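Hello,

Here is the structure I promised to pass on. My notes follow below it.

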Amino acid sequence: MATFEQAASLAARLAVDSVKEQFSPQERLEAVQKIEEEELQYMPMPDTMRTKILGMCRENKVAAVSAVVLAVMALVIIFADKLTVYDPNAINLLERLQPPSKVHWCGTDDLGRDIFTRILYGGRVSLLVGVIPTTISMVIGIVLGMVSGYIRQLDAVIMRMADIVLAFPSIVLAMVVMYTLGATTSNIFIALSMIGWAGTARIVRSQTLSLREQEFVEAARGMGVKKWTIMFRHILPNCLPSLIVLFTLNIPDAILSEANLSFLGVGTQPPDSSWGLMVSQARTFAVSSPWMLIFPSLAILIMVLALNFLGDGLRDAVDPHMKK
Amino acid sequence: MLKYIAKRVLVTIPVLIGVVFLIFVMLSVVPGDPLTVMMGEKIKVDVIERLSETMHLNDPWYIRFVWYLRDVVLHGDFGMSYKLMRSVSSLIANAFPKTLMLAVTAAVLSWIVGIPAGIVSAVRKNSLVDHLFMGFALCGVSIPAFSVGMLLQNIFNGILPVSGFASPIHLILPAMVLGWNAAGTIARLTRSSLLEVLEDDYIRTARAKGLAPLPVILGHALKNSLLPVITMMAIQISSLLSGAVITETLFSIPGIGRLTVDAINGRDMPLLQGTVIFTTTVIIAGNLVADILYSVVDPRIRVEGGK
Amino acid sequence: MKKYLSLLMAGVLAVSVLGGCSSAFDDGSSSSAAAGESGGAQTQAGTAAGGETSQAAGGSNGGAATKAAGSNVIHIPEHDEFRTLDCQKDTEFYVVPLNIYDRLVECEVVDGVATIVPSLAESWDISDDGLVYTFHLRSDVTFHNGNQFTADDVVYTVERMMNPATAAVNTDFFSMIKGANDMLEGQADGVEGVKALDDFTVEITLEVPFAPFLANLATPSCSIYNRAATEAAGDQFGIDPAVTVGTGPFKAADWVLNDRVTLVRYDDYFKGPAKIDGVELIQVPDENTQKLMYENGELDIVDLSSSTSQLAYFMGNDAYKDNLVTGPEAGNYFYAFNQDMAPTDDVRVRKAISMAIDRQTILDQMYSGAGHVVNSMLPDGVLGSYEAEEIPYDPDGAKALLAEAGYGDGCDLELYQKTNDPDALAINQVVQSMLSQVGINVTIKQMDEAAYLSERKEGKLGMTRAVWWADFNDPDNFLYTFFTEKNTKVRSLNHKNTDVYQWLEDGRKMVDEDERMELYKKIDMTMVQEEAAVFPLFQMDHVVVVQDWVKGFQIPWNGWTDTSYYNVSIER
């Protein structure tokens, strides 16, 4: 049985995987703590989960609004080509550095490209960079975490690997991976997955550790059910609520990490744009043309903020301890 | 307790070796060598060939890895930086105080702002103040550090120094960038854990029965609820001490973070190994301290013996 | 027990924090002390000057930023940390060497023409066969440590460069001297071709004639060191400013790593003391920050040509009209094509690309028109430059050429650049868009600097944007660097014209100046006009913004950012 101390040290290690500039891991910290404390009250799925989320939408207005905002943003980004008359990469040197106007809602950049259009198209990259690496790293983390928690012979090896990843300043690790593989969008997915899996693996491992002692798992084991079946049929479903929360909260992390990589020049490659790249390209024009800096920054802020609110709301909803 | 610490320290050794190994393997795959990047446009192939030989750059990575480990373990020698032609230890010793100053300032700033904001938000839960504070806190963790940094540089241009590390006032802007982010984390954590305690049954009962006034209860509740906050503080400090790469780059602060990035860009293997070992150690130590603090502050928790 | 433990921890934390505070700023105070001391020790009339220097450096301690206002020191921003102040071991950072050392001869602009002028050597004779150079040295020169400059120091400088133990990177500047390569390869203890005839005469014999030899000696890499001081300094030479000794107008006083290098005036300078007390070279990597600091008065001189993103701001702002100093840059921007890679292995494609790029528009819109379009590898102001035939902007002609080459339906092209190069990125994106108009689909590939350079060295990069500024005033410096058999691969050009390889070797040995220049013109026309191995873009004006109180600042002959501040003064 996991002790409180283990929970604390676990959370401590978890927290480290966030990029230094962004301390968002407290969500995970809290999630883990609660899961550890409430390990006996694992959640049955999926009906309760659905009711809880619906309940959240009723009670937590901010989270509900965030969900709507995200949906609208996703639609706008997906139908970008219908919403703007400009080509995001069309260079027009005669119109460089124009302030916001009726023609260019958010102004133009140093190559005369329409910033509003680039934000719409850049959103595609940012959204993909949020969702895809998070999905990959969650899958890796879930598998390795369950294996580590259930097949004890592999525990030490997998957890030391996780330690290595977590002990590394993650932006540096991502940078080195990008240098090794080359700077392309698909390699951003790989780099961010490589730094993201370890945190998930730790959480899943600790949950697996407690769940494997539960009666229903022991019963299944007694009936001769195979290892992998137990893991994926019995243990995984019971981890799901916290994993959904974790997923929501990992996406903003990934978006910010991509922004940081782009700032260091190894993220998204021109002429494509991501919001992070747009902000970093604004660096040299920030004083004379502040719109180049402000609008993409706002786009990041709104999306990440909405995701964080939604994640908080979800956590409150699936966490019995915080119920009002 | 000591046994426990010893065990934790021992476990870090394979982790450190793993980190060094990982770096060696990855950077040996990446094209580029320190001499070529150092010469830049004035490239001279003959010179590169001659010096590569004397600097053992042509050896395969595993041989260099073994040599490196031997130097570090047997002689405590982290080597010379290719790029800056000084000993790696002296470069880290030069950079760390700057990172330390920045980290401590940012952390203190985040506590001063974050903890009171969290308390107020928890006590006046769902009020306008709560929403304002929490919105502000979330913004801090939802916007890239360089966005904030650039905005601050523009706003405070002419009022505060926007670059460099010549005096304590140079710290203000970068500390604000890092501090806002950290304060957001602290404020949210304080709020949620305080709420959790305040909503515990025994406290609700006590309040319902009018056994104690709010301040007294708050005092008790705070003591318990600050536990995760303290843990988080230790983690944040260690994370900040390992160098804020982006903030240091933006504000031209010659700290550990920038040293690391420069080392990667210059393929300066000895320097990169040195900074990575250093930061990894700092992060691991920070986590250890967090665990110990946890057990010291809360007598209910005891660290396990050498199991 | 736990209480004690937590107390102990708090104590440790507090001590380390306090320790950190003091040591973090210790650098600043020690720097001011060092600057003050050395300033004071040297000056005759200059105690006040020394005091002011220390005030400037120590101002950082007192809390106020190092403001330019009120001091007689100029503040210059630097993008990168110096590697070493020893210019035999570095190819990149020449600003300190240019200010603390001297060369036998210098290259200066005289009546609008870059000319070799005497410096440590008063005069020189060259034998008719171009092999033997005899330098007559000044007898009134002292090093910063008080030692007199003699012919032995010249011998020492050459031998130090060629000594394998030095691990110098600029050996090519002396390798044409007789016996130099023998020493480098460990087969001789000295360089046979360098002899001190007496204390103030030195004779240098070359292996074969090398026409640009004098110009070559004027480069910073050929700075003269003092034997006694340099030998005593060992590997600290260039690292520890106190032992890094030269003859120049300034002395290296302090180097706070990643913050600043402080130079103070050397009062016994043989050309007379400088008018300013010193120079502070401050690390400010970010261009936007450089501009902000200039506006705050924290920087005195900002080179906009190395901070191109700020060019438009200063040039478009009337308030700075009188603060801009411009001059020609002896250097070219150009695109280099890789002839080992399709589609640029076809000369018609190379020519089509050249015709599809509207250079004048790029120059006017992105660089505020500060320069002019060029059609040769030899920029104006460099020996041998000539009026070359215009490469036309003709998109239709480009399409026709592409069709002729079999690319009527378009083709793909890879354009390589470094990651942290916003200037190249901007122009590459414009070129990408211009080439798409004629059906060439360009992919911009960014690589980090180290990977970029090492792949380019292997001849593996596609089209690249390149820049070259003159090291020394000779066409050899431009054409040899790019078009010899070895260098063409290193620059990822891979051109195959064996005649050109031979001509470049011949050109070095020719003694007749006119004949030589004709040959270089032929080489240039072959490579640029006929083969389109490179596509010259523009020669930029070098633009520097200086504060009102800075007088006497001049763009150096080659338009380098790194320059000597000897002639600069401050008048308020």
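What share of the 572 residues of chain C count as buried? The answer is 54%. Please keep in mind that this is a predicted model.

Chain C first. Its secondary structure comprises 18 helices and 21 strands. Take the contacts in chain C with a separation of 6 or more: 68% of them join residues 24 or more positions apart.

- Pro343(C): the peptide bond from Ala342(C) to Pro343(C) is cis, and its omega is near 0°. Pro343(C) sits in the loop between β13 (331–336) and α10 (347–356) of chain C.
- Ser252(B): phi is positive, near 50°, and the residue is not a glycine. The loop that holds Ser252(B) runs between α11 (245–250) and α12 (256–265) of chain B.
- Asn494(C): phi is also positive, about 55°, again in a residue that is not a glycine. Asn494(C) belongs to the loop between α16 (485–490) and α17 (498–509) of chain C.

The cut-off for that is 20 or more. Asn494(C) has 18 other C-beta atoms within 10 Å, so it is partly exposed.

Now the contact between chains B and C. Chain B gives 46 residues and chain C gives 47. On the chain B side, the elements that give two or more residues are α2 (34–39), α3 (45–54) and α5 of chain B. The largest share, six residues, comes from α5(B). By class, the chain B side has 24 nonpolar, 14 polar and eight charged residues.

Helix α6 of chain B deserves a note too. It spans residues 128–142, 15 residues in total. From first C-alpha to last, α6(B) reaches 20 Å, close to the 21 Å expected. Which residues of α6(B) are buried? They are Phe133(B), Met134(B), Ala137(B), Leu138(B), Gly140(B), Val141(B) and Ser142(B). These buried residues pack against two helices of chain A, α11 (227–263) and α13 (291–318). In chain B, they pack against α5 (88–123) and α8 (172–198).

Last, the core. The largest nonpolar core has 346 residues. Ala174(A), Met175(A) and Val534(C) touch the most other members. Leaving out residues up to four places away in sequence, Ala174(A) touches Ala191(A), Leu192(A), Ile195(A), Ser257(A) and Leu261(A).

Over to you.

Best wishes

Methods: Residues are numbered from 1 along each chain as its sequence is written. Chains are lettered from A and ligands numbered from 1 in the order in which they are written. This is a predicted model: local features need pLDDT of at least 70, side-chain atom pairs count only at pLDDT 80 or more; totals for chains, interfaces and linings use all residues. Helices (H or I, at least four residues) and strands (E, at least two) are DSSP runs, numbered from the N terminus. The expected span of a helix is 1.5 Å times one less than its number of residues. A residue is buried if 20 or more other C-beta atoms lie within 10 Å of its own, exposed if 12 or fewer, and partly exposed in between; C-beta atoms are placed from the backbone. Two residues are in contact if their C-beta atoms, placed from the backbone, lie within 7 Å. A nonpolar core is a set of buried Ala, Val, Leu, Ile, Met, Phe, Trp, Tyr and Cys residues joined through C-beta atoms within 7 Å. Ala, Val, Leu, Ile, Met, Phe, Trp, Tyr, Cys and Pro count as nonpolar, Asp, Glu, Lys and Arg as charged, and the others, Gly among them, as polar.
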